[in-house]
Amino acid sequence: MTTLASITTFIDFAIDGVVNGSAYGLMGVSFGLIVAVTTRFHFAWAIGYAICGFFTAYVVNHSGIPVLPAIVIGMAAAALFSAACEALVYRPIAARTGSNALLAVFVASFGITIAGQALIRLLVFGGTGAGNESLTWIAESPIRIGDVGLTSLDLISVVVVWACAAALWGSLRYTGMGRRIRAVEVNTGMAKAVGIRTERAYVLVFVIASLLAGVVALFDTMRSAANPEMGLTPVFYAFVVAFAAGLGRSPLWIMAVGTALGVVEGVSAEFVSVKWQQVVVFGLLLLLLVVRAGQAWRPDIFRRPALRARVGES
Amino acid sequence: MEHFYDDATIIAIYAIYAMSLNLLLGYAGQLSVAHAAFGGVGGYTAAYLATLQGWTFVPSLLVGVAAAAVIGALIALPALYLDVRYLILLTLAFSTAITAVIAAIPELGGRVGLSPVPSAELFGGEPLLRPSQFFPLALGCGLVVLAICARLAHSPFGRVLRGIRDDELATRGIGKNIVLYKVAVFGVASGLAGLGGVLFVYYTAVAQVAAFDLSESMLIIAMIVIGGTANLLGSILGAGLVVMLERTLQNMLDLDPSVSALWRLAIYGGLIVLFLMVRPQGILPERWTPLAVVRALRRRLRGEPGAGLASPALATAGAGFADPGAIAVDGAAADGEPRPLARSGGLGAPPARARSNGRPDGEVVLEAVGLSKRFGGIRAAEDLTLQLRRGQVTGLIGPNGAGKTTVFNLLTGVVTPDAGTVTLEGRDIGTWTIDRIARAGMARTYQDVRIFPRMTVLENVAMAVPDQPGENFTTALARPIASHRGERDARARAIERLEFVGLAERADAIAGALPFGEQKLLALARLLATEADVLLLDEPASGIDIDWIERMLEAIARLRDEGKCICIVEHNLHVVERSADWVYFLEEGQVTAEGSMRELMGQERLAEVYFGSG
Amino acid sequence: MAAAEEVRTKGAPARSAGRPLLEVASLSAGHGRRQVVHDVDLGVAEGEVVAVFGHNGAGKTTTLSSIFGMVKPMGGAVRFDGADIAGAPCADNVRRGMTLIPAEHFVFGDLDVLDNLRLGAQLERSTEEVERRLAQVYEIFPILEQRGSQLAGTMSGGQQRMLSIGIALMSGPRLLLLDEPSLGLSPSLVQQMMEVIGRLAREGSLSVLLVEQNVIQTLPVVDRAYFMRSGRIILEESSAELRKRDSFWDLF
């Protein structure tokens, strides 16, 4: 009986891992899209995430606005914030700092994150209070499949998240807008040569990514709670998944990598305590990086372009 | 009064963090968002030893610093081979991993941390309990850190760091083994951060993870961004500003501590963004060192005209995040007229060379036999054989895509050949690294010049002088006299090279502000300073006007007469005709013809290949 | 602006040229602070095929890039069909009817051939028009229709060149800017390509400004040519005159 019980626990953890991992996957898709197309290290993604999750819950709880319109407001606010980051901050900084643009944009993005979290707290709570907002919308009724349990919210979240990734994949592949985005990513010089306005494409990518992140944030809020700092841990997962999967890969592949990461993390709960789970995740990342460094350790190729070469930057 | 000492101590500790990070980020150009995490390594090590092993202050401090330094040096190793994007990820992951690990190890107290940490006492003296007692210790450590950072930054060692920051490839190309420098600077910066962490832990009597997390690291970066990257005084200024900001918010505005903490975060986050958008180099730009400020003030007081600190060339030559290419010009046109050469000795017309059908005699210094290299499906070099001889100029010509740059890359170790050998004065250098080959006597210039734009003309050339004692880490720190003497020699030799190319009068100009023609001559002077015998010049005549080309040709001719072995890749066939004694014609990675330029021009097939066949 | 009106051309042009389409006067351009193009005057009339020859590093690519808007000119005037376009962004110029085919990385390597071609027409709203242009391109380069789903980066150099011309044609241009189209191609492929370019210019009322090192194989399709060296124009001649020369060594 103990074996069966431990198998059941194992499957429970695994299912938990799939639910979490799917979310990680969409985070990676969202973040990875930005880095692959625009090369901005948009750490302030964490704030966009928090704006959608926290703001929506706050609006629902503190004003009469029903859930659906509140979601629209939250998503719109997050999209506006992300677009503003690119158009008002990253673009001018990149222009001023030339070859150091990557570092400077990253540092600025972090500054936005730090300031953003604090400002949200100050403006909404006047600085005091725990600031946790919860959102109830989709019922969390338990579902049992055999001996294993999950909630309906979990199931819906997995379906929706994968559907979003599939939608992105589809539009990148089959729509004109998607084609333009891929064009900018693959060969920026040629994109300009065919008349694509690359600056607008960058902003568009930020908006799309923030909407995807917003979906994850909403489910996060519904499954646990929302606060202004809720984006900090997710942005790390987004980072890890995006780079582990490889920049420029298909959204479906990134989803698979994220889900796998979630399962590994979930199943490791069987063997290590919760505290060490995060260590496992970052240990894996560090290992990945050291391996990549080792691959590049050859005298003739000092700086191996570990990311897919971006072509045609004038 | 205690309040003042409290503020001062905190400022001193943060200044230690900021100065050490500045060494890493501002001078060496290596981004680390894990600086506070190294502070955590040092702090927690010391706290553990003190609380759970009963160690006294000084030993705990030393071990803490050592632990941080060692781990920092270890982190440098994968960092060497990672793209800058992965470096960000690496330090980000490290920072989070360290805090996660610390929080998870039960002996370290988890989220609550270790406390109380016994008071610091120096060698059995009084325990330093009150801020006024602790401050002298903090100040003393701060001054030591300032001394270390200043010594390193302003020594030849620091100059190499700046070279790594501005152009790593060019720095390797003049013979510097950057692996050693990177490991050293990571180790030192992390160790000093560890010192800051130890002081912090003893001062606050508690070791808590939250004091060493990512936001703390960003706080330190903010201090540098605001105060001034690559300026140690700026680090102190930045630390002071940020700490006082919080104090002001708390005291003067009489705010609740949690509220003022939030405002502090909001403000310094906003300041980071603002500064990066408006003034990326920070308040105090790189060249505003105390010495420079004093000199400029003296000049101002004496009413002397001339470049003070207000000179645009100095003021905008900022470091850190400012665009290295966008140095302002003080009024001069983009490409001015070349100045007349120094009268001393005068170059005069190159001696007439007899035109013979065979190659002029000369000792073979460099020989490449059967070099092959493929990049994917492209044959960049195919069974390539050539010789470079002492006292001769050899030209490499060929249509686009013929593989000329690949030849240089294969010879200098930028690319390893798939097959074939490269022999330099009898030694097989096929597998050697770029810097080792440069030190062995073969170095090159680059088509895109690659001078160090933020350094002066003199510094550019001085850096290339080999065997400088001051570039050694321990010498720079511990033997200032030897270092200084070596530097004087290096500068003297640099001035000689500058005189050769006619740029001696521009020795103190910022290299990035020079017109392109002078930059090319500067690159040549820098090359000569390496004392390499084999000089590979990549398109020395491209991008410059007739007059500059003349100067370049004179210099090349004179070098040849002095016995150097020179190889030039050129597209301007006039230049090749005038300067080369022997020419190799490259096509699709192979040498298909060789001879004097005149002979080659007479071959119709070559004309076909170059201009196309009918 | 004089280039098109002044009689600097030696000998009569091979075909009678129309009114000036592109006029460039005193153009200076470069990268960062480095000036690579000094005081260049040139022009292309409607229906003309004009070449700019010169060695590597002579400033040819920069000239083309600054006309098209990839690089902002440092000075001088550029007019297209009478309108001042100096410093205008590329997207505007494509809309006006100017298209650039770069010397390197001239296809979207990781995208398939059909996507590449559709991207060429991404400014065009009417699907009918896009399909019509696609049919035209397939007529000229049937292989592109066959290889529609192949990744562009996996095609041979010659095929990629053909694709790049196809992409350019999809934008329905009036002026084609070609940067070293013969780069990396074997002489026979260069021959084929030049024939295509010549045919397009004759039949499609397309004007062409191409920049090249390969003089011999380009001359047959060209009406007029400029020679550049070290960033300056050193000669302007009709192709008829140029064909009488026996060597170009002194022009490089």
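# Domains, core and contacts in a predicted model

Mentor: This model is predicted. The domain assignment of chain B gives domain 1 (2-213), domain 2 (363-441 + 532-614) and domain 3 (449-531).

Trainee: How far apart are the C-alpha centres of domain 1 and domain 3 of chain B?

Mentor: They lie 32 Å apart.

Trainee: How do you know that domain 1 and domain 3 of chain B are in contact?

Mentor: Look at the C-beta atoms. Two residues count as in contact if those atoms lie within 7 Å. Here 17 residues of domain 1 of chain B meet that test with 19 residues of domain 3 of chain B. So the two domains touch under this rule.

Trainee: Which helices supply the domain 1 side?

Mentor: In chain B, α5 (131-153), α6 (156-166) and α7 (168-173) each give at least two residues to the side that touches domain 3. α6(B) gives the most, with seven residues. By class, that side of domain 1 has nine nonpolar, three polar and five charged residues.

Trainee: What makes a set of residues a nonpolar core?

Mentor: Its members must be buried, of the listed nonpolar kinds, and joined through C-beta atoms within 7 Å. The largest such set has 392 residues. Those with the most contacts inside it are Leu26(A), Val241(A), Leu23(B), Ala525(B) and Leu177(C). Helix α8 (residues 178-204) of chain B brings the largest share, 16 residues.

Trainee: Which residues does Leu177(C) touch?

Mentor: Leaving out residues up to four places away in sequence, Leu177(C) touches Leu64(C), Ile67(C), Phe68(C), Met98(C), Thr99(C), Leu100(C), Ile101(C) and Leu209(C).

Trainee: How many residues does the contact of chain B with chain A take from each chain?

Mentor: It takes 49 residues from chain B and 49 residues from chain A. On the chain B side, α4 (84-104), α9 (214-227) and α11 (257-278) each supply at least two. α4(B) gives the most, with 15 residues. That side divides into 35 nonpolar, 10 polar and four charged residues.

Trainee: What does the contact of chain C with chain A take?

Mentor: It takes 23 residues from chain C and 18 residues from chain A. The elements of chain C giving two or more residues are α2 (90-96) and α3 (113-120). The chain C side has 14 nonpolar, five polar and four charged residues.

Conventions:
Residues numbered from 1 in each chain as written. Chains lettered and ligands numbered in written order. Predicted model: local features only at pLDDT ≥ 70, side-chain atom pairs only at ≥ 80, totals over all residues. Buried ≥ 20, exposed ≤ 12 C-beta atoms within 10 Å, placed from the backbone. Helix = DSSP H or I, 4+ residues; strand = E, 2+ residues; numbered from the N terminus. Nonpolar A, V, L, I, M, F, W, Y, C, P; charged D, E, K, R; others polar. Domains from an automatic or database assignment.
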